[in-house]
Amino acid sequence: MRSYWNQIWPPLVAVIFFLGAWQLAVSVFHVPSWMLPSPGDIARESRGNASGIWAHTAATLRLTLIGFPVGTGVGLIVALLLHLVPWLKRALYPLLILSQNVPSIALGPLLIVWFGFGLLPKIVLITLVCFFPVAVAAMGGLAQSDRIMMNYMKMAGADKWQIFTKLELPGSLPSLFSGLKISATYAVMGAVVAEWIGADKGIGYYMLLQKASYRTDRMFVAIVIIVLLSLVLFALIALLEKWLVRWKPRKTS
């Protein structure tokens, strides 16, 4: 518990200090609320409009929880194929890098043209955002297996499948979870961008509505919800990592 508190209190103090400085600056300099609302205004608006924004939050969460597993699965499949087939990795890995130079918001209109306004183009967009961190992290972890242990297993008569399941795959888990944490935060962002392009509900759609009416306070409420969803997904992945990768030595200060 003491170690957990030592990790929590520095960012907590920094957040409290930042919010206090924000509130003070808005009050002292009399910044109009339509330009920059204070944290107090944002908190009051979130309480007053809780029922209205919950439906949008649920829609974004549903979209994220569908797209994130799909993107993770695609990333794992790509990583395994490129790891097990070296010539395929040499041919496709540069293309994977190039694919990330295209902004996701630029692909949105094309996906709408190809797949319509339903759920499919949104899932495809989230998948394109999420799969790359998982694929790169998994390939890096698989490639960094202990060579000495691999030689021992080969001398003991282990085949490629045994080496993969007993050595390479377990050894890649720390790197894989690093990619999953990044991908989890990208999934929420991808869901919001997908809702910007075409949706009738969701946090992204809610932000567009509030932008049109200059409700900056409600836009900040949406931003806070996006941050909280990302943090919750990140924390769940971290807990899963702690449960699965028990053999990883802990860092001591």
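Mentor: A salt bridge is a side-chain nitrogen of Lys or Arg within 4 Å of a carboxyl oxygen of Asp or Glu. The model above is predicted, so local features need pLDDT of at least 70 and side-chain atom pairs pLDDT 80 or more, while totals for chains, interfaces and linings use all residues. Residues are numbered from 1 along each chain as its sequence is written, and side-chain values use heavy atoms, leaving out hydrogens and water.

Trainee: How many helices and how many strands does the chain have?

Mentor: Helices (H or I, at least four residues) and strands (E, at least two) are DSSP runs, numbered from the N terminus. Read from the N terminus on, the elements run α-α-α-α-α-α-α-α-α-α. The count for the chain is therefore ten helices and zero strands.

Trainee: What percentage of the residues of the chain count as buried?

Mentor: A residue is buried under 20% relative accessible area, exposed over 50% and partly exposed in between, using a 1.4 Å probe and protein chains only. The C-alpha trace spans about 75 × 55 × 30 Å along its principal axes. Of the 253 residues of the chain, the part that counts as buried is 35%.

Trainee: How far apart do the end C-alpha atoms of residues 123-143 lie?

Mentor: The unreviewed UniProt entry marks several spans as "transmembrane region", among them 66-85 and 123-143. Residues 66-85 are 95% helix and 0% strand, with end C-alpha atoms 29 Å apart. Residues 123-143 are 100% helix and 0% strand, and their end C-alpha atoms lie apart by 30 Å.

Trainee: How many salt bridges does a search of the whole structure find, and which residue forms a salt bridge with Arg 215?

Mentor: The search of the whole structure finds five salt bridges. In one of them, the closest N and O atoms of Arg 215 and its partner are 3.2 Å apart. This pair links distant parts of the chain, 170 residues apart, with Arg 215 in the loop between helix 9 (203-212) and helix 10 (216-244) and the partner in helix 2 (residues 39-48). Arg 215 is partly exposed at 27% relative accessible area, and the partner is Glu 45.

Trainee: Is Glu 45 buried or exposed?

Mentor: Glu 45 also forms a salt bridge with Arg 218, the closest N and O atoms being 2.7 Å apart. That pair again links distant parts of the chain, since Arg 218 is in helix 10 and Glu 45 in helix 2, 173 residues apart. Arg 218 is partly exposed, with a relative accessible area of 22%. Glu 45 itself has a relative accessibility of 14%, so it counts as buried.

Trainee: Which side chain of opposite charge is nearest to Lys 122?

Mentor: Lys and Arg count as positive and Asp and Glu as negative, while His and the chain ends are not counted. Lys 122 lies in helix 6 (residues 119-143) and is buried yet has no salt bridge. Its contacts (heavy atoms within 4.5 Å), not counting residues up to four places away in sequence, include Leu 63 and Phe 117. The nearest side chain of opposite charge is 6.9 Å away and belongs to Asp 200.

Trainee: What kind of aromatic pair do Phe 131 and Phe 132 form?

Mentor: Rings of Phe, Tyr and Trp (its six-membered ring) pair if their centres lie within 6.5 Å, and planes under 30 degrees apart count as stacked, over 60 as edge-to-face and the rest as tilted. The whole structure holds four such aromatic pairs. For Phe 131 and Phe 132, the ring centres are 6.4 Å apart and the planes stand at 80°, so the pair is edge-to-face.

Technical notes: UniProt positions are given in the numbering used here, feature names are shortened, and annotations may be inferred rather than shown by experiment.
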